[in-house]
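Reader: Hi! I'd like to walk through this fold with you before I set anything up. Could you show it to me?

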Amino acid sequence: MIRIEGLTKHYGSTVVLQGINHAQDRGQTVVFIGPSGGGKSTFLRCLNRLETADAGRVTFGDLVMDHTAIPSAREERLLRQRVGMVFQQFHLFPHRTALGNVMEGPRHVFGLSAAEAESRARDLLARVGLSDRAGHLPSQLSGGQQQRVAIARALAMHPEVLLLDEPTSALDPELRDEVRGVLRRLAGEGMTMILVTHDLRLARQVADQVVFLDGGRVAESGPPGRILENPEFERTRDFVRRVLHD
Amino acid sequence: MDAASRPAQLPGRCPAPERIRGVFLSLVLWLTGATVLADTWSDVRQRGSLRWGDDAEGGAPYIYHPPDQPSELIGFEVEFAAALSAKLGVRSEFVQNNWDLLIPSLADGSHFDVIIAGLERTPENLAKVAMSRPYFVFAQQLVVPTADTSTTGLADLRGKRVGVLSASSSHRLAEDFAGIDVRIYQDNVNYFSDLELGRLDAVLTDTPIAQVNLADRPRLRRGGPPFAPGTYAVALRRGDEVLLQRINEAIASLAADGTLERIYRRYDLWSPEQHVLATWQEAERAAVREQRRTLREWRTYLPFLLRAAVTTIWVTCAGMVLAAVWGLLLALIRLYGPTPARWMAVAYIEVFRGTPLLLQIYFIYFGLAQQLGLRLSAGAAAVLSLGLNYAANEAENYRAGIQAVPRGQMEAALALGMSRSLALRRVILPQSLRISLPSVTNDFIAMFKDSSIVSVIALVELTKAYQIRAIDTGDYIGLGLMTAGIYFTISYAASLGARAIERRMHRDPH
């Protein structure tokens, strides 16, 4: 369902992505791990074109994005409506309540009526366990609650794929479990997800496949059991050991 | 000048106790209405020059720069002053001073000895300064467009707009005549331009001014015969008895020996009425009127000031609405517009921020009318000037606000599939406007005070009203306190209101 071919990107003379290839079926969750500066975030941001790669092709179902061509603003919008994104720093709209944040997309991008958008938003807040926080502003919520609202906001657009950029990294350790729980449930329900993270416990809980990204290329990939417990490459082993001892 | 003859103490350098004593003394003088007694004649003789104050902007035929020799200064008053000084045996020394402030500056004493500026010998002026025997006889003259064939006198002008010079006889005459919409000007040139442009229905002015201006303005004519004759006299500080006597003798002699007639004929101003100058006798010393105590009579003056404050308020509010809307547009163009539009927005902002508001007002009120035929009313020109000027500041406030919104907000909105403009409207602007609000409301209060600058274009707002009444009454402090009180009350109320709005915005996100 997802096919990434030869995704390449430079910042000036620095190579960030060196021709990444990846394929993934519907309903699968793939977790990208790897050292900081290994191009993980850039990789994810290129997928919904918050950044543009220099070359490569990304296919989501019938939607093909060729990074050598400049897409129209309309194409970009269509892509983003089908591919949701969750950010490390949540980026909730601070001037709207939890409910308002989740309603924003359906109401103003899809043009749903306020009543429809609200009932969809309330369902989603219930799914992430925040029914009682609907009227709260982001500043009145904990980090974990904010990230769950952000996930609900992305889900409100009924995306075919959900991209998650370090969804637990900005959270205090004791708050990570609530977000992990939500994501595990999503994975169980058959959501197609691409995750970038340092959180190996999260990776173990949700991943169908783990990809180790190093120096802008795929160094190793496979089922989580093998990559996380018994990696083949020295660098993967180093990385896993270091992260586990953090 | 050699260093030794300079005054030993400069005002800014005087020791603190003396400065306090000086302030105290002025306060006592003001409270008692006393005048400093010291004769200026000895200064004039010692200095060897008569320093006379006038406003070169007053124009032809009084005092002006001839168009072909802009560095020269000519006019019948320049020549009269020269002849008078010669008679006194001293040099003539012109001192430029704003017309409106001639009398207060004379009283202040440091700049010039006398005023020779077409100042009328009226009870009102005699109440404020001493005046010599007349050196010129003038009358009131109505000037109307040639298209107006019916007007022959003030009675035909009820409900019409009549331009007059601030604090002149024409001004008082027009104000006393019920039903005339009096428009006040600072000089003798702009009201003729406004009359030609259709912003006025008539101008009431002195005969010499009408004489000169009708000569090169074929679209204007005299509206009936001259009336209400009066005389110009030299104004002196009260108490300068010796100087007054010397000047009176000199004028009598200039009138008798035909010098005045020769001068006035050169400017085509001689008329049979001028013979009075030689035979004039002071009928009676004018009763010296006390300086008015406007604070005690606040019931008379406050309503006038409050009415003018209403003008100030609506000019400010309308100007701010324009600035807020146009400024936002400019900020958006500057940040998100196509490159050429972006450059134009930057140029606009820099030009309007980098040039004086006063200049912009003149440009918009007079310049647009002359070059483009765009005849804005004084109110519209005031609102437009303030709005266009402040829009440049507001644009920068908004831009700062927009740039202060974290980049992640735009990305989050785009990631939801929003277009850039929708993201701007739904996500960025609501946040940035909250950030910009305090600076914008500060500017609103600043504009409220800056609106006093529009008094230069025939719009009687609060500062102008103060100026008019202060010249009338001579009480700059009493009226000044009332006016300052009004400004302060309104701006303080506005800042309390602004703070309340800010608090509400923080509490209530919607």
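**Chain A, strand by strand**

Author: Happy to! Among contacts in chain A between residues at least 6 apart in sequence, 63% join residues at least 24 apart; two residues are in contact if their C-beta atoms, placed from the backbone, lie within 7 Å. This is a predicted model, where local features need pLDDT of at least 70, side-chain atom pairs count only at pLDDT 80 or more, and totals for chains, interfaces and linings use all residues. Residues are numbered from 1 along each chain as its sequence is written, while chains are lettered from A and ligands numbered from 1 in the order in which they are written.

Reader: Thanks! How many helices and strands are there in chain A?

Author: Chain A has nine helices and 10 strands. These are DSSP runs numbered from the N terminus, with helices being H or I of at least four residues and strands E of at least two.

Reader: And what percentage of the residues in chain A is buried?

Author: Buried residues account for 50% of the 246 in chain A. A residue is buried if 20 or more other C-beta atoms lie within 10 Å of its own, exposed if 12 or fewer, and partly exposed in between, with C-beta atoms placed from the backbone.

Reader: What is the strand order in the open sheet of six?

Author: The order is β6-β7-β8-β3-β9-β10 in chain A, and the pairing is mixed. Strands count as paired if DSSP finds at least two bridges between them. β6 (83–86) and β10 (217–222) of chain A are the edges with a single partner strand each, so one side of each has no neighbour in the sheet.

Reader: Which strands does β3(A) run parallel to?

Author: Strand β3 (residues 29–33) of chain A pairs in the parallel sense with strand β9 (residues 209–214) of chain A over four bridges, and A:Ile33 is opposite A:Phe212 there. β3(A) also runs parallel to β8(A), again joined by four bridges, with A:Leu195 as the bridge partner of A:Val31.

Reader: Is β8(A) buried or exposed?

Author: Buried: five of the five residues of strand β8 (residues 192–196) of chain A are, so this strand is largely enclosed by the rest of the structure. A:Thr192, A:Ile194 and A:Val196 lie on one side, A:Met193 and A:Leu195 on the other, and both faces are covered.

Reader: Nice. How many bridges pair β7 with β8(A)?

Author: Five, in the parallel sense, with β7 spanning residues 161–165 of chain A. A:Leu163 stands opposite A:Ile194 in that pair. Between the two, the chain passes through helix α6 (residues 173–188) of chain A in a right-handed β-α-β crossover: with the strands pointing away from the viewer, the path from the first strand over the helix to the second runs clockwise.

Reader: Switching topic: what's the pairing in the open sheet of four strands?

Author: Antiparallel, in the order β2-β1-β4-β5 of chain A. The edge strands are β2 (14–24) and β5 (63–66) of chain A, each pairing on one side only. Strand β4 (residues 55–60) of chain A is joined to β5(A) by four bridges, and A:Val58 sits opposite A:Met65.

Reader: Last one, on helix α4(A): which of its residues are buried?

Author: A:Ala117, A:Arg120, A:Ala121, A:Leu124 and A:Leu125. The buried residues of α4(A) pack against α3 (98–108) and α5 (143–155) of chain A. After α4(A) comes A:Gly129, which has a positive phi near 75°.
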